[in-house]
Amino acid sequence: MPVNYYDRNADNLSERYLALTPGEVHAGWTDAVLGGRTPGLACDVGAGSGRDANWLAEQGWEVIAVEPSRGMRERARQHSPARVSWLDDRLPALARVRSLGHRFDLVLVSAVWMHLPPTARERAFRVLSECLRPGGALVITLRHGEDEAENRERGFHEVSGEELLAFARNRALVLSRRTRDADKTRSGIEWETLVFTLADDGTGSLPLLRHIIVNDNKAASYKLGLLRVLTRLAEGASGLASRPNDDWVEIPLGAVGLFWIKQYKALLLDHSLRQHPARKVGYGFAKDAFYALAKTSGYDLRVGSGFSGERAKLVNKAVADACLNITTMPVRFITWPGRSDPVFEFDRLRRPRVDEHLLITPEYLATFGKLRIPAQIWQTLGQYACWLEPAILHEWRDLNMAWNVGEPRAADFGVFQWEEAHRDTRIAWDRYIDLKEGGHPVRCTWTGQRIGRANMDHCFPWARWFNNDLWNLLPTGASVNRKKRDRLPAAQVLSDAESRVICWWQEAYLASPYQARFWLEARTSLPLVTESSSLADLFGAVQLQRSRLKADQQLAEWTLNQ
C-alpha cells in the first residue's frame, strides 16, 4: 500500500471521504450485518479518515481502527469518539491487531483490498478470518473500473470476487451477501461488496480444548494444570507473548514454570492433596527447591519480584525443575485427536545461572526457553478464559475427589486459589498517602474533583479480572467508587480521565522506587507495551484492554451519571 501517497494527501482525502454518508455508502450490506445485531467489537481495517469507524461507534460499537498512514491516522484521531481506538497496522499480517488477542463481531475492509498485491491476498484473508469470533461478519469491498493514472499513483491492483469466494471456501466461511453498486461520485467505477460469516468456531480450538479437559486420559492433573496456566497467561499476561509467524505464538517457558509453581504450591504444600492416583509416587517437578519455597508467598512469585541469596537460587532451581517436568510430561502427551504429534512445541534451554540476586523479568523467564502454542488456540484461551478456567477446575476437582477419598478439602474449589487472587492495593495506598502528606493534590481519577474520603479503585473490576498491577490502581472518591462497583469504565469515561491517569502514574510510580515494577507489570499484562513505550502508549494499551474485556466478558459499563 502506498502509504506515502496518503500521508501527502491526508487533508484532501479525508475531506473527500468524510463528505460521503457511510449509511449510504454501505447501504448494500448494513441490513444483513447490523440489522438486529447487538453492537459488539468491530475492526475497521484501513480506516482512513475514520468515517466508518466513527459511524459504527455512534451506533454503540467498540471499534479498533487500523490505519498505516500516519497522516490519515493522526488527522482522524482528532475527531474520533472514545469508543474508537487507533492502531498503526496493515495487511496482510495485522501483527499488532493479532497481538491483542481480540476476536471481532465485525471486520470491515472497505476500499482496501485493491491495495494488496495478489501474492499477499490469501494470507490476508486467512488472517482476517482468524480475527472473527463465532457468528462474526467479514465485509470486504472491491473496486472495479479503469482509471489508469489513479491506479498507478495509488498502487491499485485488479481484484476479483471469485478469488475471495475461493479463499472463503478454504476457511469455512459462508457468503451471506454479495452486491455491486456504482460509485457515488465518479462514473466508470463500481464497488462490489461481499459479506462472509463464521457460522461457528471454525478454528476447532474450542472442541479441542473441551476434549483435553473432559475426555483425554489423565494419569495425573498435569494436563489440566498446563491448560490452566496457559489460560491464565493468555488472559492476564498477554504482553509476554510474541508471534514468530502467522501460525504460532511463543511465550517464555520460564513464565509457564513460574505459574506452574504458583498453582501447585497451594495444592501440595498447603492442602496436601494427591495429584495422581498412586499413593507413594512423587512429582517430577516437586524437588527440594519446590518444597523449600513453602514459606515464600505465592504473590511474590510474579513478574517484578526480586530475590537474593539462597532464596534466589531456590526460585531459579524450582522454575527449572517445573520447566523440565512440563516439557517431558503434559506437553508431550497433549496430542491432536487421533494423532500422536503434540499440540504444543518447545525449545528448552539450560537452567540460567543465578548468583546473589534475581529479578523476575520477561527477559529472565525467556532464558529457560520458549513454549510454542498454535495461534488460534492461544487466541481461544484468552477470549474464553472466563469459561475455560471454571471448566478446568470442575474437572480437576472431580479428579481430586477420586484421588483423595475421604478428604473433605478435595471437593473445595478454594484449594485452587492463587495468592494473587486476593485484592491488594497496599503500594498504591502508600503512594497516595505520601503524595498527600507531601502537599501534592491528588484528585479523583474519574471526576477530577478534590478527594474527601478516598478509595483505591481497580480501573478494571477486580471481580472480573484478577489484576493488582500498579497501573490498574487509581485513586477515587469513596462515593464515586461505590457507584462504579464492579463495572467497567465506559470508553468515554476512560478517555476523559486520560490526563489524570497519566499524572497519577507519573507522580505515584515513575517518581518513586516502584518505577521498574510499574513498567514490568505493564509490559507483562497489557498488549503492545515495550521498554520504549511512553505513558501515552501505555494509556492506549489500557484502552485496548478495556475493549477486549468489554467484548469477551460482556461487562456492564459505568458512566458518571449512573
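**View 1. Ile 251 and its bridge partner in the predicted model.** In this predicted model, Ile 251 has Leu 371 of strand β12 as its bridge partner. Because five of the five residues of strand β8 (residues 248–252) are buried, the strand is largely enclosed by the rest of the structure.

**View 2. Helix α18 and its buried residues.** Eight of the nine residues of helix α18 (residues 375–383) are buried, so this helix is largely enclosed by the rest of the structure. The buried positions are Ala 375, Ile 377, Trp 378, Gln 379, Thr 380, Leu 381, Gly 382 and Gln 383.

**View 3. The open sheet of seven strands.** The seven strands follow the order β3-β2-β1-β4-β5-β7-β6 in an open sheet, and their pairing is mixed. Strands β3 (84–87) and β6 (174–182) are the edge strands, each of which pairs on one side only, and from one strand to the next the twist averages 15 degrees. Within the sheet, strand β1 (residues 41–45) and strand β2 (residues 62–66) pair in the parallel sense over five bridges, with Cys 43 standing opposite Ile 64 in β2. Helix α8 (residues 118–130) packs on the sheet, where this helix touches β1, β4 (104–109), β5 (132–144) and β7 (190–197); the direction of α8 makes about 145 degrees with that of β5. Helix α25 also packs on the sheet, touching β1, β2, β3 and β5, and the direction of α25 makes about 135 degrees with that of β2.

**View 4. Leu 549 in helix α25.** Leu 549 is placed in helix α25 (residues 535–553), and this residue counts as buried because its relative accessibility is 5%, under the 20% limit for a buried residue. When residues up to four places away in sequence are not counted, Leu 549 touches Phe 460, Trp 465, Leu 488, Gln 554 and Leu 555. Leu 549 and Glu 235 are 314 residues apart in sequence, whereas their C-alpha atoms are 9.6 Å apart in space.

**View 5. Cysteines without a disulfide.** A search of the whole structure finds zero disulfides, and for Cys 386, which is in none, the nearest cysteine sulfur is that of Cys 459, 19 Å away. Cys 386 counts as partly exposed, because its relative accessibility is 43%, whereas Cys 459 is buried, with a relative accessible area of 3%. The sulfur of Cys 459 has its closest cysteine sulfur in Cys 444, at 12 Å, which is too far for a bond, given that a disulfide requires the two sulfur atoms to be within 2.5 Å.

**View 6. Arg 302 in a loop.** Arg 302 is found in the loop between α14 (288–292) and β9 (306–308), and this arginine is buried, with a relative accessible area of 15%. A polar atom of the side chain of Arg 302 lies 2.9 Å from the backbone oxygen of Tyr 299. Residues up to four places away in sequence set aside, Arg 302 touches Leu 258, Lys 262, Ile 360, Arg 517 and Glu 521.

Note on methods. Residues are numbered from 1 along each chain as its sequence is written. This is a predicted model: local features need pLDDT of at least 70, side-chain atom pairs count only at pLDDT 80 or more; totals for chains, interfaces and linings use all residues. Side-chain values use heavy atoms; hydrogens and water are left out. Helices (H or I, at least four residues) and strands (E, at least two) are DSSP runs, numbered from the N terminus. Buried means under 20% relative accessible area, exposed over 50%, partly exposed in between (1.4 Å probe, protein chains only). Contact means heavy atoms within 4.5 Å. Two strands pair if DSSP finds at least two bridges between them. A polar contact is a pair of N or O atoms within 3.5 Å; within protein, one must be able to donate a hydrogen and the other to accept it, and residues adjacent in sequence count only if both atoms are side-chain atoms. Axes are lines fitted to C-alpha atoms, for helices over the stretch in contact, and angles run from 0 to 180 degrees between N-to-C directions.
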